[in-house]
Number of protein chains: 2
Amino acid sequence: MQSVSLIRRAILTFALLSAALDTRAQQANLTLTAVPGIKVGHHTITERPTGCTVILVEAGATAGVDVRGAAPASAETDLLKPVNLVQQVYAISLSGGSAFGLDSRSGVMRYLDEKNIGFKAYGSINVPIVPAASLIDLNIGTNPRIRPTADCGYRAAQAASTAPVVEGNVGAGTGATVGKSAGSGRAMKAGIGSAAIRMPDGLIVAALVAVNAAGDVIDPATGKVIAGVRTADGKALADARALLTSGAVKQPARLGENTTLGVVATNAMLTKTQLTKVAEMAHDGFARAIFPSHTMGDGDTIFALATGAQSAPADVSRVGALAAQVVADAIVRAARQATGIPGYPAARDLK
Amino acid sequence: MQSVSLIRRAILTFALLSAALDTRAQQANLTLTAVPGIKVGHHTITERPTGCTVILVEAGATAGVDVRGAAPASAETDLLKPVNLVQQVYAISLSGGSAFGLDSRSGVMRYLDEKNIGFKAYGSINVPIVPAASLIDLNIGTNPRIRPTADCGYRAAQAASTAPVVEGNVGAGTGATVGKSAGSGRAMKAGIGSAAIRMPDGLIVAALVAVNAAGDVIDPATGKVIAGVRTADGKALADARALLTSGAVKQPARLGENTTLGVVATNAMLTKTQLTKVAEMAHDGFARAIFPSHTMGDGDTIFALATGAQSAPADVSRVGALAAQVVADAIVRAARQATGIPGYPAARDLK
């Protein structure tokens, strides 16, 4: 009896310790999956640097979007207009491959449909709601005909988990680059970044960004460039702000050759209309951490998701301002976590 | 004869010197009136800190607008939608006094109508096109019933000149304040700021901003707060970013009690649609120099004007990126040039 009791106590102690460690691990997760109910999965294609990233919310999340770049590739964004019917989405599909990459969305739909997750048309016929956006990376690697397909989306959904988001050259950010004010020859590598903030009252606001901007990545806390257009010798940062204001650069973005994609998630209770405003405010994070941003050559798009786990009504401006903050943090991380590929060094390579 | 020749030479020398000085003065003008064809006039009301500012373009300018705050007070912004008929405006009217202040627009219309400047309906009947926006300052001073009227707009138009824009507590910025994340008791004074950039190829992009934000004014070059919410003792800057992310502030903006107004002008040749994009990109200047920005409590609005004096086609992203830059510069100047009033110290008072 004594030994059984000891074993029981040991098991209990172990269980409590594990739970405490789990909680601590969860608390330490400062990525998009810090929001309970959000899973993230990447699929990275090996034949060419490209891929896709799926944000799964199997229980559904209220959603909004703001497309503020001038060269977007997107699907199911009309549905997200506040006046339109559907309130909840079950996934967001992000991909490389420009307009072709939107195909990865089909695989995410198939994955959700197999689980009967979606909007119930006619009361019972399942239609998974999966808004999507793609960034262009067709010039990275040697074969632009390799791009994310439905299979990519399906695999990314299969890989989705609540673990901290893997950052850098993965998923939709695999072929992402920044600093193209002087052409792709002086650009640098970026990728996926993610950040979250946990407030004392339980509010969580998190972001995931695939950074493929024409502009430079700036740390707004210091005003310093983290990654961006390089000097002619390729060895240092030239600073797009200096190039533009001196007149050295007259066309800061090549048309249709860039796009930064973001997803913001929160456990707040917000309506679709409020989330549209949150998505708008989140773009201030692009403005702060990317220069120039929202150009004619960027298809910048941000989706905002709310799981509604918090029962108290949320202040839209508070969530929006925090969203802008974590978006900026995620962009800086996307530059810092990326690794260089031939022709495109990363921030860590220039030190 | 000799003496006449000497006098002639002296006059000629004087004329050349004056012209050179004029050119230098004009070159040194780094405010909105750096753009040829743009005049700016303020009228400041003495009974209460409020007033109005008129941007006159008597030869007409193509225009666009982006209303990105959630609590705007505006007029003739529907007309500026790219699909709508009218292409040219003849003035922009900015005012304090919240929705009441839009009355100042009537005075600007009267001023232009007396000069027969406007859109010619039926081929000959003059309709001056004057988009307008107001900021709220009704809590500044003791009598909120004192607000800009048509008379204010008329006087501001009369006062308009090509001289460098007077900055600080003038015109529409007379009652402007910032840093209201912890209520008006810890806010600071801001006002009107203006900035311009002259490019080697002759492109000029300039901005005028009346800064009455809920947020703090940040210098994006350093990430430092210039003016904003103060510590409880009122003696130092608290930093709205720290207050928000620590959870000390849960409602970063009181609803309907703020608004920052901007006008961007350029000598570039741009269409109404292109100027709509320039106005959108110019809002990145708000995002960079104000934290938080674009809240539910801000009616943030930017008008973009192009005189079209440059004959070569302009790159929209270039003009938009420069516009964002001069808007941010103008915001920082609005904080630095303001002077304190009872209860609202200015940046210069905290040193």
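Guide: Let's start with A:E58, which is partly exposed, with a relative accessible area of 21%. (Buried means under 20%, exposed over 50%, and partly exposed in between, using a 1.4 Å probe and protein chains only.) Some ground rules: this is a predicted model, where local features need pLDDT of at least 70 and side-chain atom pairs count only at pLDDT 80 or more, while totals for chains, interfaces and linings use all residues. Residues are numbered from 1 along each chain as its sequence is written, chains are lettered from A and ligands numbered from 1 in the order in which they are written, and side-chain values use heavy atoms, leaving out hydrogens and water.

Side chains of opposite charge can pair when their charged atoms come close. The side chain of A:E58 meets that of A:K115 in a salt bridge, 3.1 Å from N to O. (That term needs a side-chain nitrogen of Lys or Arg within 4 Å of a carboxyl oxygen of Asp or Glu.) A:E58 sits in strand β2 (residues 50-67) of chain A and A:K115 in the loop between α2 (104-114) and β5 (119-121), so the pair ties together parts 57 residues apart in sequence. (Helices, H or I with at least four residues, and strands, E with at least two, are DSSP runs numbered from the N terminus.) A:K115 is partly exposed too, at 44%.

Now for another pair in chain A. A:R336 forms a salt bridge with A:D219, their closest N and O atoms being 4.0 Å apart. A:R336 is partly exposed at 40%, whereas A:D219 counts as buried at 16%.

Over in chain B, B:D201 and B:R318 meet at 2.8 Å, N to O. B:D201 is in the loop between β10 (192-198) and β11 (204-210), B:R318 is in helix α6, and 117 residues separate them. B:D201 is partly exposed at 33%, but B:R318 is buried at 6%.

Salt bridges also cross between the chains: the count there is three. One example is A:D66 with B:R68, at 2.8 Å from N to O. Over all chains, the count comes to 28 salt bridges.
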